[in-house]
Amino acid sequence: MSSKLLTYTLRLADDILILSQRLGEWCGHGPVLEEDIALTNRALDHLGEARNLLTYAGQVEGKGRSEDDLAYLRMERQYTNVKLVEQPNGDYAHTMVRSFLFDAYHLPLMQALTKSKDEQLAAIAGKSVKEATYHLRASSEWIIRFGDGTEESHQRAQAALEDLWTYTGELFEGDAVLEEMTSAGMAPDIASIKEAWSKTVDQVLAEATLKRPADAFMMTGGRKGLHSEHMGFILAEMQHVTRAYPGVEW
Amino acid sequence: MTDVKNLEELFQAKIDAEQKIEPKDWMPDAYRKNLIRQISQHAHSEVVGMLPEGNWITRAPSLKRKAILLAKVQDEAGHGLYLYSAVETMGTSREQTIDDLLSGKAKYSSIFNYPTLSWADIGAIGWLVDGAAIMNQVMLCRTSYGPYARAMVRICKEESFHQRQGYEIMAVLAKGSPEQKEMAQDALNRWWWPSLMMFGPTDANSPHSEQSMKWKIKRQSNDELRQTFIDRTVQQAEVIGLSIPDPDLKWNEETQHYDWGEIDWTEFNNVVAGNGPCNKERLAARNKAHNDGAWVREAALAYAAKKAKRKAA
């Protein structure tokens, strides 16, 4: 069971760490100063959750690996985040749609995880729920502003939705790890998370006057460590200093 | 004419009595202009200063350092906001103030025209650049214009945290591997002199200083603040075993201060004139963010207008 718990915890950690890394790229380049603050805050919240999860993953593994060992010394194939979070920032519509699609999944996931039979996961989720709530509120508000704002913002938001929709299937993929975690009462039933996600997406897109893309082909592979070509560059940038000076304190 | 003279006398009497000037109070045009220039430069410095530090967020060598750096840069953006608001109390809109930055008309602290080339530069910025800024900012907590003084009180609390985290980065590097220590020393070598330049020209060559002291916008001269900074920082460098890159640096028993070498004012003037290593990049980055964000700001305004109209209907 502990290897399943490790795999599951790393999936949660990798999603939120890579999203944080992407959002961190915005710092100093946001469309307005208030958004620079909001984006940095979002990146910081995600990083905090990632650190809790990585530390816990290291404990579950029992080999003495720290949060930094797990973040800085794993390669692409060992990272198991969904491809959605590694997609480039693009314009602000892409960044916000990516966050919205993730937030609408992350909030019900964290809410449900607070009831996990694994006390650590439940505690970490408990800490994240409040943040996840305002992340979803803020990204939903932007989707509505874009959709119901100007013609240009509407088009950009719709284009971002069309581009990123293919990456949403992966959020709800099931496999043996997830099945076992769910039947042990340690992970929520992913179908119920999908239901909550789908409802939020429909509500927000309706208010935004945006069209929900059709569920055509869905990308897969992230959970198995099969990523897009972006992933290598994300890790190269994130890890290069740490790898250049192995074994030292910072 | 007599009226204005009376008002000016009253104004100066108020300042001499250590009373704060508030937005609705009468003030001489020159006081207003001087403050708009100074506060907006300060605001721009916070915002442009996000760039050299933001440069290392994606590459911070541990998750803890990444978190601290994110929080720090977020603070800088917050400082920018308070200060733009302080400028607005003097009757200049935030848009106008920002346009002046983007067009290159307004200045910001030249220190941010230097590049951050290694992780140790993040330590050096916190320790030296924020350290130098604090010298000025502590003084500005008592500045005569109320909204500026109050903004500075809040800013100072955060800046002293920034300085400590920068010094701590340097301390860890200095006692780390030989490569880390070399990285720290190299950063100190590159940032030392530009940090001293942050206090501005010598008192003899400072065009705005005398009037600013009389109006109690400033309370200590550039040279006094610079000397205090040097005295303090030299000791901090000794504690962590790094050397200040100034062969003329020497303790003077008589003055109870350090004597030190000559600032390269040609370099200072060059960077102020736009020829620093990163002037073009910094301004280009701000302009790109502003231009790329135009449709976002328009969308937000358009949506707010639609919403207000629906509510009214």
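How many residues of chain B are in contact with how many residues of chain A? In this predicted model, 46 residues of chain B are in contact (heavy atoms within 4.5 Å) with 48 residues of chain A.

A note on conventions: residues are numbered from 1 along each chain as its sequence is written, and chains are lettered from A, with ligands numbered from 1, in the order in which they are written. Local features need pLDDT of at least 70, side-chain atom pairs count only at pLDDT 80 or more, while totals for chains, interfaces and linings use all residues, and side-chain values use heavy atoms, with hydrogens and water left out.

**View 1. The interface of chain B and chain A.** The size of an interface is often given as the accessible area lost when the parts come together. Here the two chains bury about 4,000 Å² between them, 68% of it on carbon and sulfur atoms; this is the accessible area (1.4 Å probe) that two parts lose on being put together, summed over both. On the chain B side, B:Thr58, B:Leu63 and B:Trp295 lose the most area to chain A, together 20% of what that side buries. Across the interface there are 17 residue pairs in polar contact, both residues at pLDDT 80 or more. A polar contact is a pair of N or O atoms within 3.5 Å; within protein, one must be able to donate a hydrogen and the other to accept it, and residues adjacent in sequence count only if both atoms are side-chain atoms. Helix H4 of chain B gives the most to the side that touches chain A, with 14 residues; helices are DSSP runs (H or I, at least four residues), numbered from the N terminus.

**View 2. Salt bridges between the chains.** A salt bridge is a side-chain nitrogen of Lys or Arg within 4 Å of a carboxyl oxygen of Asp or Glu, and the interface has 3 of them. One salt bridge joins A:Glu34 to B:Arg94, with the closest N and O atoms 2.7 Å apart. This pair runs from helix H2 (residues 33-61) of chain A to helix H5 (residues 94-102) of chain B. A:Glu34 is partly exposed at 36% relative accessible area, whereas B:Arg94 is buried at 16%; buried means under 20%, exposed over 50%, and partly exposed in between (1.4 Å probe, protein chains only). A:Asp148 and B:Arg310 also meet in a salt bridge, at 2.7 Å from N to O.

View 3. B:Arg226 is buried, at 1%, while B:Asp223 is partly exposed, at 29%. Elsewhere, salt bridges that share partners join B:Glu53, B:Lys72, B:Glu76 and B:Asp130 into one network. Within it, B:Lys72 and B:Glu76 meet at 3.1 Å, N to O, and both are buried.

**View 4. Helix H6 (residues 151-165) of chain A.** Its buried residues include A:Ala157, A:Leu161 and A:Trp165.

Definitions and conventions:
Helix = DSSP H or I, 4+ residues; strand = E, 2+ residues; numbered from the N terminus. Expected span 1.5 Å × (residues − 1).
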